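Biologist: Please take a close look at the ligand site and the space around it. Which residues surrounding the ligand are the closest?

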Amino acid sequence: MDHFHYRDRALFCEDVAVADLATEYGTPLYVYSRATLLHHLRQIQTAFAAAEPLICYSLKTNGNIHIGRLMAEHGAGFDVTSGGELYRALASGGVGEKIVFAGVGKTDDEIRTALDVNIRFFNVESEEELANIGEIARSRGQKARVALRVNPDLPPKTHVKTDTSVKGVKFGLDIETVVEVAGQYVGHPSVEIVGLHMHLGSPILSVEPYRMGAAKALDLIEKLRRQGHRVTHLNMGGGFGIHYRKQEALPASAFAEVLVPAAKQSGCQLVLEPGRFIVGNAGILLSRVLYTKSTGGKHYVIQDAAMNDLIRPTLYESFHRIWPVRPADGFPAPPSDYEVEIPGTRRCDVVGPVCESGDFLARERWLPPVSRGELLATFSAGAYGMSMSSNYNGRPRAAEVLVDGSRHRLIRRRETYEDLVRPEREVPA
Ligand SMILES: *Cc1c(COP(=O)(O)O)cnc(C)c1O
């Protein structure tokens, strides 16, 4: 469910013609629907209501502070993975008690800043990190709250680059060692183990991993309690999948059916860290066709968005629906099945201007005829789009626009060439 739809053969975001946004703000342009964002946040809030969860929006998914503010205003906290994201969380109106902090390489500065704002807890990923947090807290006369991040060692679920709970990845403590590590912190003066954390990977299109993960978590929580820890938080991370290709995602209620009973059984406060589920389908990347050409037996559509704007296809072989904003006669809306040839379409590689053969948004994709100057929409680009963008090839980052009904406003201006060189100019001569 999203608020991008075709009316009279033109793409709209809520009540705004997307072509008008391209005229006003230029391309490439990220366009977000406020209604879709809030719809998905509400879906999780409603589905999990019986557990009264703390929903910490995962800021690495899309860190724009205006989106963050929407999340905070509607009850969400934040899951951050760095000092920079902690800064964004606070700039979005986030408060320490609703912020959790994960990541395998937290620096001393980051730990101190998080203690300064009294975050809910650290999701701790190694024994050394735990000792370091304890030491920093001790030196400040504080007690640090931590959840132990466990790698539950589950079967593979997603792309090898996004699976975070198979044996051998860098995340978390091995499930075999968690209890032993926790044993050293019973009654510790500056560390309080208040929770258990798992983030299984992303995007996940089945409840099975959550069922298996939760079972392992319950077992561990019981063991930690027997040691004397007051474990009060069960943090099951994020990872809920979304529609990229067709209607493949599960509703939030499917995950809730597994996780709410587990939370109740544990007697813990349930914490969730959804990112993609909230913002993924709420954004599109709008681009304009620069040229088309046929070479080497292939047809290329060269448009002004590139891997620096949306790296998921290049990095993960991800699939994003792409369709003209004003499709030619006879092509009303994107197809529901991309695997079969659509009559009248042409098989294209949709590529950007960056000097890499790996710079593409789609390969071997059936598209209606498009020509120079036309607008294309790349769908489901709200998550890990802008937040993973870069300035590679001297490309200023895209602008971002938030649509609300028939209104729209810029929530990040397009970068300028001067933005590209400013940090290099601002150094001592
Ligand atoms: C990336 C990440 C998330 C968010 O994952 P989604 O699939 O976007 O929901 C949550 N928690 C942690 C620890 C993460 O690294």
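Modeller: A polar contact is a pair of N or O atoms within 3.5 Å; within protein, one atom must be able to donate a hydrogen and the other to accept it, and residues adjacent in sequence count only if both atoms are side-chain atoms. The model is predicted, with pLDDT of at least 70 required for local features and 80 or more for side-chain atom pairs, while totals for chains, interfaces and linings use all residues. Residues are numbered from 1 along each chain as its sequence is written, and side-chain values use heavy atoms, with hydrogens and water left out.

A polar side-chain atom of Tyr 384 is 2.6 Å from an oxygen atom of the ligand. The backbone takes part as well: a polar backbone atom of Gly 239 lies 2.8 Å from a ligand oxygen, and a polar backbone atom of Arg 276 also lies 2.8 Å from an oxygen atom of the ligand. Of the 390 Å² of accessible area (Shrake-Rupley, 1.4 Å probe) that the ligand has on its own, the protein covers 94%.

The shell around the ligand (residues with a heavy atom within 4 Å) numbers 16 residues, and Lys 60, Ser 202, Glu 273, Arg 276 and Tyr 384 are the closest. Its classes are three nonpolar, eight polar and five charged residues; here Ala, Val, Leu, Ile, Met, Phe, Trp, Tyr, Cys and Pro count as nonpolar, Asp, Glu, Lys and Arg as charged, and the others, Gly among them, as polar.

A pocket is an open set of points on a 1 Å grid over the protein atoms alone, where a 1.4 Å probe fits and protein lies on both sides within 12 Å along at least five of seven lines; lining residues have an atom within 4 Å of a point.

The lining of the largest pocket comprises 43 residues, with Lys 60, Thr 81, Glu 85, Tyr 384 and Ser 387 nearest the centre. By class, the lining divides into 13 nonpolar, 17 polar and 13 charged residues. Elements that each supply at least two lining residues are helix 4 (83–91), helix 10 (276–279) and strand 21 (407–412); helices (H or I, at least four residues) and strands (E, at least two) are DSSP runs numbered from the N terminus.

Most peptide bonds are trans. Pro 203 is placed in the loop that runs between strand 11 (191–197) and helix 8 (208–227).
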